[in-house]
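Me: Hi! Could you walk me through this one? I'd like to begin with the ligand.

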Amino acid sequence: MERTPESLLHSVFGYQEFRPLQREVIGAVLARQDALAIMPTGGGKSLCYQIPALLFPGLTIVVSPLISLMQDQVAQLTALGVPAVVLNSSLEWEDYRANMGQVRSGKTRLLYVAPETLLTERLQDLLTGVPVDCLTIDEAHCISEWGHDFRPEYRQLTKVRQRFPKAACLALTATATPRVQADIQEALGFKQRRPFIASFNRPNLFLEVQPKQDPEAQTLRFLRRFPDQAGIIYCFSRQQVDELAAFLQQRGIAARPYHAGMSDVDRRANQEAFVRDDIQVIVATIAFGMGINKPNVRFVVHFDLPRNIESYYQEIGRAGRDGLPAHCLLLYRYGDTKKIEYFIDEKEEPERSAAREHLRALVAYADSSVCRRKALLHYFGERFPQANCSACDNCAHSQAEPGSASDLSIPARLLLEAVRQSGERFGAAHLVEILLGRPSEKVVKFGHDRLSVYGKGRDLPEAAWQSLARQLEQQALLERTEHKGLCLTDKGRLALSGKTAVMGQPLPTMGQPPASPKPGPAPGSPIKGIPLLQYDVVLFDLLRKKRKELADSEHVPGYVILPDRSLVEMSTSFPLSLDSLAKIYGFGEVKLQRYGRVFLNIIQDYSRSQALNKAKSRRPLSRDNE
Ligand code: ADP
Ligand code: ZN
């Protein structure tokens, strides 16, 4: 088969389609044009050079300032079967020499280097004998004195660039004002000056601000909604970090602190434990996060006010890099601005005025009663066109405002009955399939096509059932089980028996668009256009345990073996053959070959035991009936 960016995306990475601008950037690089690409964290910058690297005959050099990130990338590429090595000062001489040998032999596709390493004579010598097709500069804003993270050794890269005039040069960053953009392109001597700028909107992040009243209790309540899921809590001071971490530990939460006052060893150990899924929560000052690539961070809590909008955006950006829903909570009280002002006052003009301005923007954001996403994007000079983003607290509230309430008793009873008949353990998506009479793999597997409610909801469109499920949950007729299925509350049983009526937002009917204003998801529920987090949690847990086992034996973080999204998809669609497994997110050819059988066995065993349970649980019932 011909090797194209599309075919490699599928066969090597196991992804379905490109994210915005990835394909365009790859096209420019392959045409050996210089390119500056600006994408938010999690936007998928790495693929922009990794795919060309697989198509170019020569070497791709990737300059990156963070040693831990380089090693992480190489681990991920190695797991995909892509030859990549790293050269930096942290390596033992023997490994260093071995890696140089790999580069010299021409087998290596990607070489990750620290800028100061690239500038050494040894490396310059090595590279005279090796054809270089692409020079990638990650975190390219470090080249600019106007950026927030200027690094003098980056400035020297200008010279390196001149040594490889035929290679494409790709500069990547997540933050760049027009001034920094111009600076990067100027410093690297770009011929083409048309940066690729992706939207800064991260649709999978739910944005919420709560008045800070009893922050420990608020945090604890919040964490209870995310059992077993990883997250970061940011605090203003080291002392606060230590206190909150201890508070959470006492309440049985696997939390560890991280701040600059700790020893290097302790800090590294805690970060490692977080990345390897050994603990759930890291409580940290802003010192935490730069070198973190963990894609399955499901929430970020700001226990204290961040210093400004930029740092807030950067910190929440560490959530949900894998594209699955993630929740960002800011606990806000105006009094907290005093602590920040204190630091601002120490600064000199004009920095001081600028810092005040940035803080004011953040306060306006926190106080705002309009769409938070709109406000945030506006700050970054981007317009968010929709009236309602449906993934921030303000939009969710405005949607839930009682308009004209209508009587939903009849469809509500049907949905509650579906919950009851299927055993009070499935999520809304599955219940809707039952009601609409869709014989999906899962519906058939559980025998739900034989329930009396199967297909009884065909009078209403899918959107109506989804809206109804949300409303019933909001009204506490349904609640989430431990495993995220829906079960009946006492109130729900009353409604099911017909003793109480159910009132709520009108439902969309057949052939009509949903009523306006649309009933939106409650905070934390699935977001439109984002893959649903509704899956068989028991199976997910089995798969996750196996992943952890494999990861520990290979000394890598779990996501290097497979991302969460792969596990979620497996526990949603129950693939029972290698062919169907190949369609699952993240299963490229190499991963399929390495891990396919292992995971398939688990899914097959689980499906078999489920079928068995089903048969057992039906038997006593039929005997009663006899
Ligand atoms: P960035 O460097 O911009 O923060 P990454 O390159 O680390 O982002 O990508 C973030 C995550 O998204 C990674 O886990 C990556 O594998 C995944 N990813 C990137 N591109 C795609 C795509 N087209 N489809 C699915 N997942 C992708
Ligand atoms: Zn909004």
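Me: How do the residues of the shell around ligand 1 divide?
Reply: Into five nonpolar, six polar and four charged. Here Ala, Val, Leu, Ile, Met, Phe, Trp, Tyr, Cys and Pro count as nonpolar, Asp, Glu, Lys and Arg as charged, and the others, Gly among them, as polar. One caution: this is a predicted model, where local features need pLDDT of at least 70 and side-chain atom pairs count only at pLDDT 80 or more, while totals for chains, interfaces and linings use all residues. Residues are numbered from 1 along each chain as its sequence is written, chains are lettered from A and ligands numbered from 1 in the order in which they are written, and side-chain values use heavy atoms, with hydrogens and water left out.

Me: Thanks! Which residues are the closest to ligand 1?
Reply: Tyr15, Glu17, Gly42, Ser46 and Tyr585, out of 15 that surround ligand 1 (a heavy atom within 4 Å).

Me: What about distances to the side chain N or O atoms of Tyr15 and Ser46?
Reply: An oxygen atom of ligand 1 sits 2.4 Å from one in Tyr15, and for Ser46 an oxygen atom of the ligand is at 2.6 Å.

Me: And how much of ligand 1 does the protein cover?
Reply: On its own, ligand 1 has 570 Å² of accessible area, and the protein covers 86% of that (Shrake-Rupley method, 1.4 Å probe).

Me: Switching topic: which domains does the assignment give?
Reply: Domain 1 (5–197), domain 2 (205–400), domain 3 (406–504) and domain 4 (537–617); such bounds come from an automatic or database assignment.

Me: What area is buried between domain 3 and domain 4?
Reply: About 730 Å², with 55% from carbon and sulfur atoms; that is accessible area (1.4 Å probe) lost on putting the two parts together, summed over both. In domain 3, Lys445, Phe446 and His483 lose the most, together 57% of what that side buries.

Note on methods: Polar contact = N/O pair within 3.5 Å; in protein donor to acceptor, adjacent residues only side chain to side chain.
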